[in-house]
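Dear colleague,

Please find below the structure that I am handing over to you. My notes on it follow directly after.

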Amino acid sequence: MQKIIKLIEVREEPSSYCPDVGKCKTSFSQRPLFINPDNVLFLREDTTIAVKLKDCLDSGGLVRKQGFTKLTFSSGNNNVSLTVVGTPEKVVRDMSGKNNG
């Protein structure tokens with residue numbers, strides 16, 4: 001059986017207009033994501049989530065200092081990109097099975 005790991009996906013929910021500040025505000029949520037690390041093509045730090053968290057309606061329990069990583073992986077004929085909780089270094093440790101916690 002292939003190695004499957006569990007990560008936490010960050011989902012950006014539809015924005016709603018906030019008349020008090022005169023702009024749209026974003027909400028976030030989290031959900032479990034199970035992936036085969038062999039399908040990951042590349043990953044990089046996702047700094048946009050931390051910036052958006054500063055000004056959001058609902059953080060969904062996310063904290064800016066957690067760090068966020070954008071994963072791009074192969075899904076058949078398509079490449080899919082998702083953001084997960086954790087720094088790129090932490091995600092690499094999780095994928096390699098070397099995470100102690």
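Strand β3 (residues 40-45) pairs with strand β4 (residues 68-75) in the antiparallel sense, over 5 bridges. Two strands are said to pair if DSSP finds at least two bridges between them. Within this pairing, F42 stands opposite T72 of β4. β4 also pairs with strand β5 (residues 78-85), again in the antiparallel sense, over 8 bridges. Here S75 is the residue opposite N78 of β5. The hairpin of β4 and β5 has 2 residues between the strands, and G76 takes a positive phi near 70 degrees there.

Please note that this is a predicted model, in which local features need pLDDT of at least 70 and side-chain atom pairs count only at pLDDT 80 or more, while totals for chains, interfaces and linings use all residues. Residues are numbered from 1 along each chain as its sequence is written, and side-chain values use heavy atoms, with hydrogens and water left out.

As to the whole protein, there are 2 helices and 5 strands, in the order β-β-β-α-β-β-α along the sequence. Helices (H or I, at least four residues) and strands (E, at least two) are DSSP runs, numbered from the N terminus.

Of the 101 residues, 35% are buried, that is, under 20% relative accessible area with a 1.4 Å probe, protein chains only. Among contacts (heavy atoms within 4.5 Å) between residues at least 6 apart in sequence, 55% join residues at least 24 apart.

With kind regards

Definitions and conventions: Buried < 20%, exposed > 50% of the residue type's maximum accessible area, 1.4 Å probe, protein only.
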